[in-house]
Amino acid sequence: MTATALAPSETRRYLSGVAGRRWPATALLLLDTVAAIGFAGGLAGGVAAIAKGSASPSVWLALMLASGLARGGCAVLSARVGARDARDAKAALRRRIAGAALHQPIGQGDTGTLTAAAIDEVEAIDGHVARFLPARHAATIGPLLVLIAAGCASPVSAAIMAFTLIPFIAAMTLAGGAAADETRRQFATMAGLSGLFADRIRALPIVLAFRAENTEAARIGDAAGEVADRTLRVLAIAFLSSGALEFFAALSVALVAVYAGFDLLGLLPFRVPEHLDLARAFFVLALAPEFYAPMRRLAAAYHDKQMAEAAAERLQALEASAEPLAAPASKTGQPPAIRFDDVTIRYPDTDRDAVHGFSLAVMPGETVAIMGASGAGKSSLLHLLLGLAPLSSGTVTIDGCALAASGRPDAGWASQSPLILPDSLRENITLARPDADEADILAAAFAAGLARVLDRRGLDTVLDARGSGLSGGERRRIGLARALLHDAPLLLLDEPTAHLDEASESALIETIMRQARGRTTLIATHSARLAAIADRVVRLEQPA
Ligand SMILES: Nc1ncnc2c1ncn2[C@@H]1O[C@H](COP(=O)(O)OP(=O)(O)OP(=O)(O)O)[C@@H](O)[C@H]1O
């Protein structure tokens with residue numbers, strides 16, 4: 001999966017679609033700002049009352065206390081609401097990304113990269129929804145509220161605050177751009193590491209058999225080192241930028257403090273159109289840090305935004321490349337007629353055809369054996385019918401309908417290396433028909449020649465993903481049992497008798513002959529004995 005750089009507006013649109021409209025967290029942050037104004041009012045009123053000694057400060061203290069408590073409540077609630085919103089948004093996005101990962105075009109996206117997308121890259125949306133979005137909305141209105149409140153007490157202080165905003169915004173924009181580039185690179189390296197790691201884990205027995213563990217460990221170590229370097233670079237930019245932002249915020253507070261203090265004491269060396277009393281001076285002084293608080297919150301969450309945007313580019317590319325899965329054809333129960341006309345199959349990123357100019361008409365209910373040298377394209381032809389290989393040119397029709405239009409045919413498929421789930425033998429067989437009852441499962445298992453496995457271990461024996469404890473032949477028989485249990489009018493068998501001894505092969509050929517009756521059956525095989533039961537044998541030549 002490669003992420004092409006999207007226009008910033010497209011990324012924002014994608015992210016806002018992911019996040020949806022979630023206002024409660026923003027409303028809580030704005031309430032926090034209102035409470036901060038209340039706190040500053042209570043502080044200023046209390047100090048002035050104490051200084052005058054004329055009125056009881058308790059009403060001001062009560063205002064301060066209530067505002068302080070309200071601020072604490074708002075902080076806790078907005079964090080909780082934001083976390084809940086992020087969890088919902090991530091769950092919805094993960095469902096979409098998992099769907100898109102399953103519908104990637106043939107040959108695109110390795111397991112590690114797709115896993116990194118569904119886990120790490122979706123996780124990068126968390127801070128964007130939980131912190132950045134509420135902070136961004138609150139940062140546009142919050143400072144305005146503070147500015148209006150401060151302006152009522154001291155227009156000059158409000159003007160100072162507004163003026164210092166300019167370098168603050170410039171620093172944020174510069175830091176944001178640099179962080180975005182580094183974050184994008186960090187994600188690309190992270191996805192690379194995930195892909196490498198997943199592939200090597202899958203190939204661990206081979207790595208150990210060839211004593212390549214040190215080489216592979218070093219390769220993974222190098223990739224992990226690169227991720228660490230990139231992560232440190234991202235963090236360095238984040239720390240530097242937040243340092244710069246803190247500097248401007250502190251500078252603004254200091255300017256307001258110096259102005260208010262000098263004006264209060266009448267020491268200003270220039271004329272200003274106001275003279276502050278103690279209450280107003282304290283009020284603007286207490287409000288000055290609050291002017292920057294929403295933007296500080298925004299700056300702290302800015303890194304979340306960069307992470308989310310970098311992730312969004314990759315996730316959007318993944319969703320865009322997903323192909324709609326051909327719908328399964330409606331079940332007619334009748335064996336279909338299949339026609340291949342001048343069919344060519346070429347896999348993506350390869351420079352030769354796997355199958356070239358192949359034509360064949362299979363009658364309904366006919367059994368056809370496809371033979372040919374290893375690599376001639378026998379499996380590819382079966383995969384083509386299942387939507388697992390690309391039709392590069394030519395046409396394939398099923399009962400007269402083009403393959404794409406008729407949808408995936410209802411087929412029982414026994415592949416060369418059947419997928420084994422880390423689950424019971426029963427679950428592995430019923431993958432083909434989850435609602436099958438015990439009698440049907442046993443019938444399919446016995447018909448596929450799994451009697452010895454059933455005697456030895458039973459239907460509830462648990463297999464691991466490699467099918468350890470089963471022979472290669474037994475693993476294939478699980479695939480065959482699935483195909484038989486599915487009970488479809490089309491049977492596609494890929495070398496079902498490979499690696500079997502003569503007696504086992506004979507037994508399986510008997511089974512296949514029985515099961516092929518009343519079905520259209522295509523068998524890819526090297527076995528002349530198996531091919532002998534077919535109505536017709538077709539030989540595939542290896543493309544030049
Ligand atoms: N997913 C794939 N991506 C790229 N090339 C592929 C893919 N699957 C198969 N091929 C190539 O297509 C060609 C035909 O492969 P295929 O498995 O269809 O042959 P086969 O006749 O079934 O071989 P065998 O008898 O060894 O099983 C081979 O050259 C193979 O390397």
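Strands S1 and S4 run antiparallel and are joined by 5 bridges, where helices (H or I, at least four residues) and strands (E, at least two) are DSSP runs numbered from the N terminus. In this pairing, Phe340 has Val396 of S4 as its bridge partner. The model is a predicted one, in which local features need pLDDT of at least 70 and side-chain atom pairs count only at pLDDT 80 or more, whereas totals for chains, interfaces and linings use all residues. Residues are numbered from 1 along each chain as its sequence is written.

The pair S1 and S4 belongs to an open sheet of 4 strands with the order S2-S1-S4-S5 and antiparallel pairing, two strands being paired if DSSP finds at least two bridges between them. The edges are formed by strand S2 (355-362) and strand S5 (401-402), each of which pairs on one side only. Strand S4 (residues 393-398) is joined to S5 by 2 bridges, and these two strands run antiparallel. Within S5, Cys401 is the bridge partner of Ile398, while Ala402 stands opposite Thr397. The hairpin of S4 and S5 has 2 residues between the strands, and Asp399 takes a positive phi near 50 degrees there.

Helix H11 (residues 378-386) packs on this sheet and touches strand S1 (338-345), S2 and S4, contact meaning that the C-beta atoms of two residues, placed from the backbone, lie within 7 Å. The direction of H11 makes about 65 degrees with that of S2; axes are lines fitted to C-alpha atoms, for helices over the stretch in contact, and angles run from 0 to 180 degrees between N-to-C directions. H11 also gives the most to the shell around the ligand, with 3 residues. Of the 13 residues around the ligand, those that come nearest are Tyr347, Ala354, Ser374, Ser379 and Ser380, a residue being near if its C-beta atom, placed from the backbone, lies within 6 Å. By class, this shell has 4 nonpolar, 8 polar and 1 charged residues, where Ala, Val, Leu, Ile, Met, Phe, Trp, Tyr, Cys and Pro count as nonpolar, Asp, Glu, Lys and Arg as charged, and the others, Gly among them, as polar.

A further open sheet has 5 strands in the order S6-S7-S8-S3-S9, with parallel pairing. Strand S6 (411-414) and strand S9 (536-540) stand at its edges with a single partner strand each, so one side of each is left without a neighbour in the sheet. From one strand to the next, the twist averages 15 degrees. Strand S7 (residues 490-494) and strand S8 (residues 520-524) run parallel and are joined by 5 bridges, and Leu491 has Thr521 of S8 as its bridge partner. H16 lies across S6 and S7, running at about 175 degrees to S6.

The axes of helix H14 (residues 438-447) and helix H16 (residues 472-486) come within 8 Å and cross at roughly 130 degrees. H14 and H16 are therefore oblique to each other, since angles under 35 degrees count as roughly parallel, over 145 as roughly antiparallel, 65 to 115 as roughly perpendicular and the rest as oblique. Their contact is made by Asp440, Ile441, Ala444, Ala445 and Ala447 of H14 together with Ala481, Leu484 and Leu485 of H16, and the residues divide into 7 nonpolar, no polar and 1 charged.
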